[in-house]
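Thanks for coming. I will go through one structure this morning, chain by chain and then across the interfaces. Please have a look at the display before I start.

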Amino acid sequence: MLTCWNQKRTRRSSGWLVMLALFGGIVFTGIASAQLYLPPPPPANAADYGKVVMDNFSTTLGPGPAVFDHWLHRSKYTCRLCHVDIGFAMQAKATGVRASTNREGYHCGACHDGKRLSDGKPIFAACSDAVNDKQCDRCHSVGKKDVRKYSYSSYTAKLPKGLYGVDWEAAEKNGTIKPVDFLPGISLKKSTMKSREDFSIKAGLPWVHPVTFSHEKHAIWNGCELCHPEIFATTSKAEAKYTMFSNIEGHHCGACHLRVAFPLNNCVKCHQRAPSWAKGN
Amino acid sequence: MSRKLFVASILFLIFCGQSILLAQSGTKKRRPLPYEYGRVVINNYSAKADLSPVVFEHWIHRSKFTCRVCHVDIGFAMKANGTDIKAIDNTQGYYCGTCHNGKTLADEKSGKAIFAACSKRVTAEDGRRCERCHSQGKKVASDYDFFHFAKPLPKENYGNGIDWEKSEELGLIKPVAHIDGVSSPRNPLALQKDFALNPKVEGMPDIIFSHKKHTVWNGCELCHPEIFTGVKKGTSHYTMVDISQGKSCGACHTNVAFPLTDCQRCHSKPVAAMR
Amino acid sequence: MFKRTIVTALLITGLAGLSGICASGQSTSAVLQATPAPQTWQSEFDEVCSKTQDAMTFSEEELAALIVRCDVLLPQLEKLDETRRKVYTARLRMCRGLYAYVLESKKNAKK
């Protein structure tokens, strides 16, 4: 039987329940947000930064997963060449590279055809049918020792270093590397478009310093088509909603700045006037 | 008591849900290989009929016919599975069956007839004919080899790697614009002048739109009013976001005509080059 | 007597007219319903929708008349078998749509 006293108690305890739920929600959101807001730290060994393991068909068909090192290729070619002209996707396994299409001169086979020259020497053919060509392990190198020709430490010894790994921007600026942006037979010469002036992007939170974005610095590596319109669709500042959430999920800036270009947790590189302690690890 | 618990749970979920953001676009997908670009997979009824989905290649067909012949005169939709093609439609001489009827000649030189699409009675030999279209996931020999086809044609960077516009201008391909018995006899179109569209983005060259270049392939009704509805000049706003989602220009220029990565094809008003 | 004569004369004239029409090959029911025979929808469609290239040269009245003809044609097309209905209603939609579009553009250009 429900007396007055019983009723009061029920109301109070259900009120508590609501408060508890709210509090729990806030705490949970806080923990979840903390995980999401902070970019994951890059690999401890800078040699592993930009490493892409591809295994659509390699394990099932024998040779084992293929490993692609960005540091080796980006010292020679622009991002645009591979991701626009040749047409690689920007996520591991999304391209679906096959041995047959490599042999036909697509994807890896665009350069790795046994004929195209790099530094005066022909680049080894990818997935070659030739009986005496045992170059498979140079790419399909997971779990195998001493099969890759170039080592990160010796190759990047002379390149300027940043807070983390190679400072590619500086390397290109001072001419240490001269990335090629044109592949005869694949690229077509186009008239260049003028880059926009640098502009400021306000951060979503009022205490975070704004980002100064330079189209020119990005266009050197990417041209226009790498980013527009697939990665950055909108041209209206009002519509643009690029957040750290989406970056950390690998969208927008995170498409490159999560795993290949300088890592996201080097805050000062983009949020230029942020305090020096926000340099990241 | 349970009502308050329900409210509390909803509030809890709202607080949690707001921290999970669904990022929409923002990644670079794989670019289709030149021979894959323009591929349409059609599967309204194929699976139910125990056949592989149909794979339609635009590059073979657009070298022989204008866009209008198929999308206006024959009546194909511009989205995969949008036409609702059935085998019976084909056997009666509509849709694919307009040309794929076993009688129409593929070209006058060879005297070879275009294979018939679908049939009322299927024999064992027909199995191979069915697979010529119902080929998804199968390795099927085609009469047309992309490399040989594309070799003599002017090159473009993206899409099929073929400059279709130039190929047509130079007469290297002669797409048919009229099918007897299907197309309505039409007068040639009155000439429209090219005009500029200002993208209102600093540094971005104006778009020079040419009706002439488009009507060669499309006529009028393909675009107006279903794709371009605006009736008053200057009132329509086409954004790159909309276009990349398949609206307005994107109806064709995302997966059949030259893709959006080819910025300068549209943004072509000359400006001082920078780097 | 006179009335009877008139009525008889009218009946005979009517019958003569009907048989004349029968003789010319039209079905009686079609005449009574005032709907064109099945073949004419095709020729009407061809006639109306072959003018799309000239749409920009027509006056507003001409475009309005073409739109009306499309609207009259639509119910006839919807009576066809499934295949032809699918094909022709889609084609008519595009054809009528274009005329309406051009008409609207012309009206807006005047403003």
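Accessible areas here come from the Shrake-Rupley method with a 1.4 Å probe, and for residues only the protein chains shown count as cover. By that method the accessible surface of chain A comes to about 16,600 Å², with 61% belonging to carbon and sulfur atoms.

Before going on, some ground rules. This is a predicted model, in which local features need pLDDT of at least 70 and side-chain atom pairs count only at pLDDT 80 or more, while totals for chains, interfaces and linings use all residues. Residues are numbered from 1 along each chain as its sequence is written, chains are lettered from A and ligands numbered from 1 in the order in which they are written, and side-chain values use heavy atoms, with hydrogens and water left out.

Let me stay with chain A. Chain A has 10 helices and 6 strands. These are DSSP runs numbered from the N terminus, with helices being H or I of at least four residues and strands being E of at least two. Of its 281 residues, 39% count as buried. Buried means under 20% relative accessible area, exposed means over 50%, and partly exposed lies in between, with a 1.4 Å probe and protein chains only. For contacts, meaning heavy atoms within 4.5 Å, residues 24 or more positions apart account for 54% of those in chain A with a separation of 6 or more.

Now chain B. Chain B contains 10 helices and 4 strands. Its order along the sequence is α-β-β-α-α-α-α-α-α-β-β-α-α-α. The C-alpha atoms of chain B fill a box of roughly 75 × 60 × 35 Å along the principal axes. Chain B has 275 residues, and 39% of them count as buried. In chain B, 52% of the contacts between residues at least 6 apart in sequence join residues at least 24 apart.

On charge, chain B carries 38 positive and 26 negative side chains, and the centres of the two sets are 5 Å apart. Here Lys and Arg count as positive and Asp and Glu as negative, with His and the chain ends not counted. The place of a charge is taken as NZ of Lys, CZ of Arg, CG of Asp or CD of Glu.

That brings me to salt bridges. A salt bridge is a side-chain nitrogen of Lys or Arg within 4 Å of a carboxyl oxygen of Asp or Glu. Over all chains the structure holds 32 of them.

One is in chain A, where A:K269 pairs with A:E169 and the closest N and O atoms are 3.8 Å apart. This pair links distant parts of the chain, 100 residues apart: A:K269 is in the segment after α10 (254-257), and A:E169 is in helix α7 (residues 168-173). A:K269 counts as partly exposed at 31% relative accessibility, and A:E169 is partly exposed at 30%.

In chain B, B:E36 and B:R30 meet in a salt bridge at 2.9 Å, N to O. B:E36 counts as buried at 18% relative accessibility, whereas B:R30 is partly exposed at 25%.

Which residue does B:R265 pair with? The partner is B:E156, with the closest N and O atoms 3.0 Å apart. B:R265 lies in helix α10 (residues 263-266) and B:E156 in the loop between α6 (146-150) and α7 (164-169), so the pair ties together parts that are 109 residues apart in sequence. B:E156 is buried, with a relative accessible area of 10%. Salt bridges that share partners join B:E156, B:D163, B:E165, B:K213, B:D262 and B:R265 into one network.

Last, the interfaces. The size of an interface is often given as the accessible area lost when the parts come together. Buried area here is the accessible area (1.4 Å probe) that two parts lose on being put together, summed over both.

Between chain A and chain B, 61 residues of chain A are in contact with 48 residues of chain B. The two chains bury about 4,900 Å² between them, 62% of it on carbon and sulfur atoms. The count between chain A and chain B is 1 salt bridge. A:E230 forms a salt bridge with B:K28, the closest N and O atoms being 3.3 Å apart.

For chain C and chain B, 25 residues of chain C touch 35 residues of chain B. About 2,500 Å² is buried between them, and carbon and sulfur atoms give 50% of that. C:Q53, C:M94 and C:Y101 supply 29% of the area that chain C buries against chain B, more than any other three residues. There are 4 salt bridges between chain C and chain B. B:D84 forms a salt bridge with C:K86, with the closest N and O atoms 3.9 Å apart.
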